[in-house]
Amino acid sequence: MEVPDLELPISDFTCCADLYGFPLVRALLGDSWHPGGLALTRAAVKPLGLSKDHRLLDVACGLGASALMLAQVYKCRVTGVDVDGKTVQAARQEALRYRLLWLVNFIEADAARLPFASSQFDVALCECASNLFPNRQSALAEMARVLKPGGRLALTDVTFRPDELPDSLDHRLVKMLCVPLSLGPDNLADDIEQSGLQVQERKDYS
């Protein structure tokens with residue numbers, strides 16, 4: 001399929017994550033803002049053994065779809081953080097609408113500078129966002145820091161095998177959407193290991 005031209009001023013975005021605030025992009029991606037939607041969220045957290053006794057941190061939570069769903073299903077306490085203040089406000093409104101403010105809290109924060117003391121959370125979740133972080137290594141190190149000893153991180157992201165990429169992906173729209181063409185699954189696993197975490201399981205959901 002040929003990708004059409006899209007006239008948008010790329011230089012106007014302070015971060016490619018800004019593009020995800022556009023109504024058209026949000027309509028295309030849905031409330032969860034990541035490939036696989038909430039079905040992939042459920043699959044990602046299944047090995048974590050979530051329960052009502054756990055504290056979960058959702059990094060780059062967006063509109064909070066995953067955080068709200070996990071709080072509803074597992075009755076665990078969830079804190080969602082996102083760098084965009086307007087998105088955080090919208091997520092809080094969703095928590096109010098679903099009457100989940102007693103379980104879910106949303107905070108405006110940078111993933112590379114999480115506003116929490118060390119060893120605060122049992123579980124962390126980061127969905128299709130690490131490729132948007134200006135410094136992925138710092139963000140991963142922060143997630144490792146705020147996890148309790150023995151805590152676990154569920155991370156999903158889009159990765160590619162560079163030798164298998166079609167030429168059609170060399171397009172402005174692909175760059176604007178921050179598709180990480182240079183990020184392979186092994187690169188991401190190496191970054192996770194360097195942050196102080198140990199990769200226990202990898203799954204391909206292509």
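**Strands, crossovers and side-chain pairs**

Student: Strand 2, helix 4 and strand 3 make a β-α-β unit of which hand?
Tutor: In this predicted model, the unit is built from strand 2, then helix 4 at residues 85–97, and then strand 3. Strand 2 and strand 3 pair in the parallel sense, and the pairing extends over five bridges. The hand of the β-α-β unit that they make with helix 4 is right-handed.

Student: Which residue in strand 3 does Asp82 stand opposite?
Tutor: Strand 2 covers residues 77–82, and strand 3 covers 104–108. With these two strands paired in the parallel sense, the residue of strand 3 that stands opposite Asp82 is Glu108.

Student: Which helix makes a β-α-β unit with strand 1 and strand 2?
Tutor: Strand 1, at residues 55–59, runs parallel to strand 2, and five bridges join the two. Among the bridge partners are Arg55 with Arg77 and Val59 with Val81. The unit that these strands make is right-handed, and the helix in it, at residues 65–74, is helix 3.

Student: In strand 4, what is the bridge partner of Leu56?
Tutor: Besides its bridges to strand 2, strand 1 pairs in the parallel sense with strand 4, which spans residues 121–127, over four bridges. Within strand 4, the bridge partner of Leu56 is Val123.

Student: Is Ala60 buried, partly exposed or exposed?
Tutor: Ala60 is found in the loop between strand 1 and helix 3, and it has a positive phi of about 60 degrees although it is not a glycine. Its relative accessibility is 27%, and the class between under 20% and over 50% is the one to apply. Ala60 therefore counts as partly exposed.

Student: What is the relative accessible area of Ser119?
Tutor: Ser119, in the loop between strand 3 and strand 4, is not a glycine, although its phi is positive at about 60 degrees. The residue is partly exposed, and its relative accessible area is 35%.

Student: The side chains of Ser130 and which residue are joined by a polar contact of 2.4 Å?
Tutor: Ser130 lies in the loop between strand 4 and helix 5, and with 1% relative accessibility it counts as buried. Leaving out residues up to four places away in sequence, Ser130 touches Arg136, Leu155, Asp157 and Leu188. The polar contact of 2.4 Å joins the side chain of Ser130 to that of Asp157.

Student: What is the angle between the planes of Phe116 and Phe121?
Tutor: A search of the whole structure finds one aromatic pair. Phe116 and Phe121 form this pair, with 5.1 Å centre to centre, and both residues are buried. The pair is edge-to-face, the angle between the planes being 80 degrees.

Student: How far from the centre of the ring of Phe121 is the charged end of Arg55?
Tutor: Phe121 is buried and forms an edge-to-face pair with Phe116. The charged end of Arg55, a residue whose bridge partner in strand 2 is Arg77, sits over the ring of Phe121, and the distance from the ring centre is 4.6 Å.

How values were computed. Residues numbered from 1 in each chain as written. Predicted model: local features only at pLDDT ≥ 70, side-chain atom pairs only at ≥ 80, totals over all residues. Heavy atoms only, no water. Buried < 20%, exposed > 50% of the residue type's maximum accessible area, 1.4 Å probe, protein only. Pairing = 2+ DSSP bridges. Right-handed = clockwise from strand over helix to strand, strands pointing away. Polar contact = N/O pair within 3.5 Å; in protein donor to acceptor, adjacent residues only side chain to side chain. Contact = heavy atoms within 4.5 Å. Phe/Tyr/Trp six-rings, centres within 6.5 Å; stacked < 30°, edge-to-face > 60°. Lys NZ or Arg CZ within 6 Å of the ring centre and 35° of its normal.
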